[in-house]
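Me: Here is a structure that is new to me. Please take a close look at one part of it, then show me how the rest is laid out.

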Amino acid sequence: MSRYILRRLGQAVFVLVVAYVVSYLVLWALPGDALASITGGQSTDLSAGQLAAIRTEWGLDQPVLVRLGTAALHAASGDFGRSFVSGRPVSELIAESLPATLEIAGLGILFALIAGTGIALAATRARSNRLRGLLLALPPLGVAIPSFWLGLLLIQFFSFQLPIFPATGNDGLISAVLPAITLAVPTSALVAQLLAQGLERELRQPYADTARAKGASATRVQLRHAFRNAALPALTIAGLLVGQLLAGSVVTETVFGRTGVGRLTADAVAAQDIPVVQGVVVFGALVFVTVNLAVDLLYPLLDPRIVTSRAARRATLKAVTA
């Protein structure tokens, strides 16, 4: 078990390092003028000496690989540099924007799990083929709906026609409901699709037939016996779901006028504020890696065969090569 944990930790660190290096090189290779971002577009009004001083202050006079090494060492301690536009530390900007994004992301995950699980359970219990087909058609529809269109539709109905929720702003939990629903729809679609497929597969297994033969009700077989195994594939994509929520927050926070990480990213990209974009990319990679690491460590608790099967394969390999 300890080797399993160490291996997963090593993979997580490797992914973070690769994400940082690749994103740094790609961002600095993009066309654009860092000096224009730093000076607010007034670099042409400055003298050559002033521009040289700015380059030295921000380290732009160094080769890109030297800057990469220096930035990576600082990033290891949580220092992602300063914003070209505001001059404030990137980590401080992300920390200020994070609560608003966590609010809608947390609600979005909750709504997605409730809706996705409900659709999957209802589809596998439906006796009518027409109803079952209708329920199973919802996940592809949910993935296909553009998030910006869904957000505008929710604003139209629930903010203007039925003034229940505010249309924009960070006005407490009530203002996070519509953005959370916007994020939850495509996420719940993936959960529902995977969980429904898993439940159908598990309900055809011999252990489910044995439980029915012993007199277990359909609900008991579905929830107590099949659900746990069927949930493993859905758990596997937890990292993808979190990544989808973070990516969707860029559009969603822009539509709803929220000042979160998504809005910070959109503004930084528009202003070519490379340190902020870099910090957000690394933060997203950190969240993705952390969630996947948690899932990897949770897997053996749900299915101990994952670790034992690896140990058995290593023992077999040693016996064959001995």
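What is the relative accessible area of Q272?

Reply: The relative accessible area of Q272 is 36%, so Q272 is partly exposed. Here buried means under 20% relative accessible area, exposed means over 50%, and partly exposed lies in between (1.4 Å probe, protein chains only). The model is predicted, so local features need pLDDT of at least 70 and side-chain atom pairs count only at pLDDT 80 or more, while totals for chains, interfaces and linings use all residues. Residues are numbered from 1 along each chain as its sequence is written, and side-chain values use heavy atoms, with hydrogens and water left out.

Start with the place. Q272 sits in the loop between α12 and α13 (274-302). Helices are DSSP runs of H or I with at least four residues, strands are runs of E with at least two, and both are numbered from the N terminus. Now the backbone. The phi of Q272 is positive, about 55 degrees, although Q272 is not a glycine. Q272 follows α12.

Helix α12 covers residues 261-270. Its buried residues are V261, G262, L264, T265 and A268. Seen down the axis of α12, these buried residues fall within an arc of 160 degrees, so they line one face of the helix. The arc is taken from the directions that run from the helix axis to the C-beta atoms.

Next comes S83. S83 belongs to the loop between α4 (64-76) and α5 (90-125). S83 is buried, because its relative accessibility is 1%. Its side chain makes a polar contact with the side chain of D273, at 2.4 Å. A polar contact is a pair of N or O atoms within 3.5 Å; within protein, one must be able to donate a hydrogen and the other to accept it, and residues adjacent in sequence count only if both atoms are side-chain atoms. The S83 side chain also reaches the backbone nitrogen of V85, at 3.1 Å. Leave out residues up to four places away in sequence, and S83 touches W58, R88, V90, L93, D273 and V276. Contact means heavy atoms within 4.5 Å.

Now follow α5. I114 lies in this helix. With a relative accessible area of 54%, I114 is exposed. I114 and A184 are 70 residues apart in sequence, yet their C-alpha atoms are 9.8 Å apart in space.

Helix α5 also meets helix α8 (residues 177-203). Two packed helices are described by the angle between their axes and the distance between the axes. For α5 and α8, the axes come within 6 Å and cross at roughly 35 degrees. Axes are lines fitted to C-alpha atoms, for helices over the stretch in contact, and angles run from 0 to 180 degrees between N-to-C directions. The residues of this contact divide into 21 nonpolar, 6 polar and 1 charged. Ala, Val, Leu, Ile, Met, Phe, Trp, Tyr, Cys and Pro count as nonpolar, Asp, Glu, Lys and Arg as charged, and the others, Gly among them, as polar.

Look at one residue of α8. L195 is in this helix. L195 is buried, with a relative accessible area of 3%. L195 and G116 are 79 residues apart in sequence and 7.9 Å apart in space, C-alpha to C-alpha. Neighbours within four places aside, L195 is in contact with T117, A120, F227, A230 and A231.

The loop between α7 (147-161) and α8 holds I164. At 46% relative accessibility, I164 is partly exposed. I164 touches F158 and I174, residues up to four places away not counted. I164 and I174 are 10 residues apart in sequence, with their C-alpha atoms 9.0 Å apart.

Return to α13. V289 is in this helix. V289 is buried, at 8% relative accessibility. Leaving aside neighbours within four places, V289 is in contact with A12, V15 and L16.

Last, the whole chain. The chain has 14 helices and 0 strands. Buried residues make up 36% of its 322 residues. Of the contacts with a separation of 6 or more, 73% join residues 24 or more positions apart.
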